[in-house]
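Subject: Structure handover

Hello,

Here is the structure for your files. My notes on the aromatic contacts and on the confidence follow below it.

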Amino acid sequence: MIKVYVMETCPDCVQVKSQLKDNPNYELIDIGTHVRHLKQFIRLRDTHPAFAPIKERGTIGIPCFVLEDGSVQFSMEEVIVEETITAEDGTSRTVKTYK
């Protein structure tokens with residue numbers, strides 16, 4: 001399961017939350033709802049090297065996607081996989097799925 005750190009008041013998180021809220025492959029963690037979530041995020045931000053450029057820019061780093069392999073991404077586009085599905089009638093279409 002992919003963990004997604006978001007915050008209710010973060011404008012960049014609004015779209016992410018609405019697109020993933022009913023997807024069972026994602027655990028949405030709102031860091032503003034409980035200090036436990038905030039501490040968990042801060043610990044990740046303080047120790048994971050992916051946050052180095054984020055901290056250099058002086059930004060927070062949310063939304064933040066923690067993939068199952070422990071890697072960290074900061075954009076939903078970085079966790080989307082496009083795949084081609086072929087129907088029984090031979091037609092095919094490209095669909096976007098999330099890692």
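Ring pairs join Y5, F41, F51 and F74 into a cluster. Please keep in mind that this is a predicted model. The number of aromatic pairs in the structure is three, and two of them are described here.

F41 and F51: the ring centres are 5.8 Å apart and the planes stand at 80°, over the 60 degrees needed, so this pair is edge-to-face. F41 belongs to helix α2, while F51 sits in the loop between α2 and α3 (52-57), so the contact ties together parts 10 residues apart in sequence. Both residues are buried.

F51 and F74: here the centres are 5.0 Å apart with the planes at 80°, so this pair is edge-to-face too. It links distant parts of the chain, 23 residues apart: F51 in the loop between α2 and α3, and F74 in the loop between β4 (72-73) and β5 (80-86).

On accessibility, F51 has a relative value of 0% and therefore counts as buried. F74 has 23%, which is not under the 20% limit for buried, so F74 counts as partly exposed.

On confidence, the chain has an average pLDDT of 87, and 87% of the residues score at least 70. Helix α2 (residues 35-47), which holds F41, has the highest confidence in the chain, with a mean of 97. The lowest is in strand β6 (residues 92-98), with a mean of 57. Where pLDDT is low, predicted coordinates should not be read in detail.

Regards

Conventions:
Residues are numbered from 1 along each chain as its sequence is written. This is a predicted model: local features need pLDDT of at least 70, side-chain atom pairs count only at pLDDT 80 or more; totals for chains, interfaces and linings use all residues. Side-chain values use heavy atoms; hydrogens and water are left out. pLDDT is the predictor's confidence in each residue, from 0 to 100. Helices (H or I, at least four residues) and strands (E, at least two) are DSSP runs, numbered from the N terminus. Rings of Phe, Tyr and Trp (its six-membered ring) pair if their centres lie within 6.5 Å; planes under 30 degrees apart count as stacked, over 60 as edge-to-face and the rest as tilted. Buried means under 20% relative accessible area, exposed over 50%, partly exposed in between (1.4 Å probe, protein chains only).
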